[in-house]
Amino acid sequence: KKVVMTSATVTRADMAMLGIKAGEVDYTEYPSTFPVANRRVYFIPTIRMDRFITEAGMNAWATRIDNIIGSRLGYKGIIHTASYDRAARLCNFSNYRDFMLSHKSWNTAEVVGKFKQADPPCILVSPSVSTGYDFPDDLARYQIISKVPFPDSRPLVMKARQKVNPDYGCHAAIKQLIQASGRIVRSGSDWGETYVIDTHLQWVISKYRSILPKWWLDSVITTNLIPVSR
């Protein structure tokens, strides 16, 4: 008769999407036990990353990523690209391509293993490690979320879900964004820096602030400058 659901990314919206009425739910959000200074999310507005992006926009996107990498060559980092095509483009364009490891869908675990064994500077470029993987301590000290991970809206299943709930895709992106933010900070004594460079984040926070966890919002700093490295 009673069910307890726990997750770092569960929201009130999840209850509605499961068909549970507001009056049937007691919802409690707890603060993070990790110091906020150890899990900062830096939003550096750079470019709207979507299908309308121009060649100049892609160059600005890749240049911003290089600027962040160049300021942190003493550490290992991860770049979340949200697509294999974007990962391949970055590995071809970047001035730091020689330090990059990328993978296909069939050898993700193998390449992640190589990354974990590597010494800095080393950068894992991947569209698929935002959930299910962890990189504690020196395995990764920074990560770049290069695109807000909106799901592909073209599959029929996604079309059906969005017909029932027009906000479904945005809710899914928010959950994956928060999951990605936690890949490199795995304990209270761990620390890592997350950078989001897709300007869409500003719209996401403005429109969906009410369902974003307070502990995550508390970690976000909007800036036009790359912070000084530790």
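Me: Why is Trp-203 called partly exposed?

Reply: Trp-203 has a relative accessible area of 38%, and the class partly exposed covers what lies between buried, under 20%, and exposed, over 50%, with a 1.4 Å probe and protein chains only, so Trp-203 is placed in the middle class. The model is predicted, which is why local features need pLDDT of at least 70 and side-chain atom pairs count only at pLDDT 80 or more, whereas totals for chains, interfaces and linings use all residues. Residues are numbered from 1 along each chain as its sequence is written, and side-chain values use heavy atoms, with hydrogens and water left out.

Me: What makes Phe-52 exposed, and where in the chain is Phe-52 placed?

Reply: Phe-52 has a relative accessibility of 61%, and therefore counts as exposed. Phe-52 belongs to the loop between strand S1 (41-47) and H2, where helices (H or I, at least four residues) and strands (E, at least two) are DSSP runs numbered from the N terminus. Arg-64 is twelve residues away from Phe-52 along the chain, and the two C-alpha atoms are separated by 19 Å.

Me: How do you know that H2 is roughly perpendicular to H3?

Reply: The axes of H2 (residues 55-70) and H3 (residues 84-93) come within 11 Å and cross at roughly 70°. Since the roughly perpendicular range runs from 65 to 115 degrees, with under 35 roughly parallel, over 145 roughly antiparallel and the rest oblique, H2 is therefore roughly perpendicular to H3.

Me: Which residues make the contact between H2 and H3?

Reply: Taking contact as heavy atoms within 4.5 Å, H2 contributes Glu-55, Met-58, Asn-59, Trp-61, Ala-62, Thr-63 and Ile-65, while H3 contributes Arg-86, Arg-89, Leu-90 and Phe-93.

Me: How many aromatic pairs are counted, and why is the pair of Phe-115 and Phe-135 given its class?

Reply: Rings of Phe, Tyr and Trp (its six-membered ring) pair if their centres lie within 6.5 Å, and planes under 30 degrees apart count as stacked, over 60 as edge-to-face and the rest as tilted. The count by this rule is six aromatic pairs. For Phe-115 and Phe-135 the ring centres are 5.8 Å apart and the planes stand at 75°, so this pair is edge-to-face. Phe-115 is in helix H4 (residues 108-117) and Phe-135 in the loop between strand S4 (122-126) and strand S5 (142-145), so the pair ties together parts that are 20 residues apart in sequence.

Me: Are Phe-115 and Phe-135 buried or exposed?

Reply: Phe-115 has 0% relative accessibility and therefore counts as buried, and Phe-135, at 0%, counts as buried too.

Me: What makes the pair of Trp-203 and Tyr-208 edge-to-face?

Reply: The ring centres of Trp-203 and Tyr-208 are 5.8 Å apart and their planes stand at 80°, so the pair is edge-to-face. Tyr-208, at 5% relative accessibility, counts as buried, whereas Trp-203 is partly exposed.

Me: What is noted about the backbone at Ala-82 and at Asp-137?

Reply: Ala-82 is not a glycine, yet has a positive phi of about 70°; Ala-82 sits in the loop between strand S2 (76-80) and H3 and, at 40% relative accessibility, counts as partly exposed. Asp-137, not a glycine either, has a positive phi of about 55°, is placed in the loop between S4 and S5, and is partly exposed at a relative accessible area of 39%.

Definitions and conventions:
Axes are lines fitted to C-alpha atoms, for helices over the stretch in contact, and angles run from 0 to 180 degrees between N-to-C directions.
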